[in-house]
Amino acid sequence: MHTDLADTYQHDAQAVEAAELIKACVHCGFCNATCPTYQLLGDERDGPRGRIYLIKQMLEGKAVTASTQLHLDRCLMCRACETTCPSGVRYGHLAELGRELVARQVERGPEVRFRRAVLHDGLLKGPWFGLAVGLGRLVRPVLPGRLKWRVPLAREAGSWPEPRHPRRVLLLDGCVQPILVPAINAAAARVLDLAGISAIRLPHACCGALSAHMGYADEAETRMQRNLQTWMTELQGPAEAMISTASGCSAYLKDYGWQLRNDPHHAGLAARLSLMSKDLVELIQQVWPSLRPLLKPPQTVRRVAVQAPCSLQHGQQLVGLVEQLLTDAGFELTQVVDGHLCCGSAGTYSLLQPELSDQLRANKLQALHAGQPQCIATANIGCMMHLQQVTSTPILHWIELIDMLIRET
């Protein structure tokens with residue numbers, strides 16, 4: 001698909017790059033078949049093909065309005081379209097560029113700006129998020145049922161093994177996960193230790209994805225630069241990989257090279273980080289032959305439904321790996337229809353687009369509950385919290401299930 005750049009954009013690096021990405025699109029429409037928002041709304045502008053056309057029209061000088069922004073905002077950035085696309089369109093990067101270009105021309109209303117600012121700063125700056133979670137847990141026993149499930153129960157993290165192996169990896173703590181469910185990273189550290197790998201904790205660090213999701217591109221870039229400067233010694237040291245237990249963070253870490261491609265001071269180190277970054281499931285799969293004989297058969301939990309986060313199956317193209325490991329570990333996996341569709345969490349999407357998000361969550365939980373599982377396993381903290389708000393079925397990270405097989409007697 002060719003784009004005739006308007007004079008305004010002839011020397012705009014972002015616009016030129018967006019036009020280059022659009023070239024791969026052949027307008028076939030296969031992407032609409034797997035787009036969650038197109039499935040719900042049936043509007044061409046709420047599918048990948050239509051959104052590409054909106055960006056193309058903008059680059060060619062057509063009027064950009066609040067409606068343009070709305071349809072781009074409604075995109076979950078789940079990247080299911082990339083999995084489906086026969087032409088290899090890098091839609092995720094194109095949509096990011098499109099949103100940034102639209103934001104230059106369309107100012108959000110004061111109420112929307114205030115809500116986004118409160119959400120962004122509340123999650124990422126200062127102690128406010130931790131204080132809110134602590135307060136919620138304090139009053140949880142007296143909350144009505146539906147509100148009660150919106151407050152995650154505290155779970156003991158357990159021990160974190162001391163570094164003792166020649167093989168080492170860097171384990172990103174994340175921003176909200178250590179407050180919500182610190183047990184996940186601790187479980188990962190124990191399982192890796194059993195496999196002969198020491199996990200070196202990188203505390204109190206946000207990868208930048210949440211800022212990017214909310215349209216704070218400059219803040220996201222600053223966070224990435226700060227992370228690279230802080231991690232420089234570790235990245236150039238003996239650690240063989242950078243890993244995260246949150247698939248959303250893993251996908252973003254792997255994208256550092258592209259995100260900072262034009263930064264003369266950080267591009268090289270960002271590219272190195274991208275090459276070093278792995279999702280936890282990739283590392284566990286690598287050591288599985290030595291790890292598997294050490295696991296006990298499942299006892300307290302056997303039937304499991306797997307919710308594959310979009311950031312795992314579409315963003316990183318790691319399809320079926322978690323399911324393979326859990327099956328081989330002895331768990332009985334239930335069938336989940338339309339497993340490729342998003343649960344509606346999508347970073348902060350559930351807070352910014354609640355109506356669409358709630359519909360997607362209801363559909364996902366119906367599919368997950370169909371096989372009457374004892375628990376639901378996922379690979380991303382955002383999906384876990386989003387789904388757990390409206391179901392009493394326990395939701396665990398898949399590494400917690402593997403850790404359970406180590407500790408069960």
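A salt bridge is a side-chain nitrogen of Lys or Arg within 4 Å of a carboxyl oxygen of Asp or Glu. Keep in mind that this is a predicted model.

**Exercise 1.** Work out what links Arg115 with Glu111, and where the two residues lie.

*Solution.* Step one: check the distance. The closest N and O atoms of Arg115 and Glu111 are 3.8 Å apart, and the cut-off is 4 Å, so the pair counts as a salt bridge. Step two: find the place. Both residues lie in helix α7 (residues 110-124), four residues apart, about one turn of the helix. Step three: look at accessibility. Glu111 has 61% relative accessibility and counts as exposed, while Arg115, at 38%, is partly exposed.

**Exercise 2.** Decide which parts of the chain the salt bridge between Lys254 and Glu282 links.

*Solution.* Start with the contact: the two side chains meet at 2.7 Å, N to O. Next, locate the partners. Lys254 sits in the loop between α14 (247-253) and α15 (256-259), and Glu282 belongs to helix α17 (residues 280-291). They are 28 residues apart, so the pair links distant parts of the chain.

**Exercise 3.** Is Arg49 buried or exposed?

*Solution.* Buried means under 20% relative accessible area. Arg49 has 18% relative accessibility, so Arg49 counts as buried. Its salt-bridge partner is Glu44 (2.7 Å, N to O), and Glu44 is partly exposed at 30%.

Technical notes
Residues numbered from 1 in each chain as written. Predicted model: local features only at pLDDT ≥ 70, side-chain atom pairs only at ≥ 80, totals over all residues. Heavy atoms only, no water. Buried < 20%, exposed > 50% of the residue type's maximum accessible area, 1.4 Å probe, protein only.
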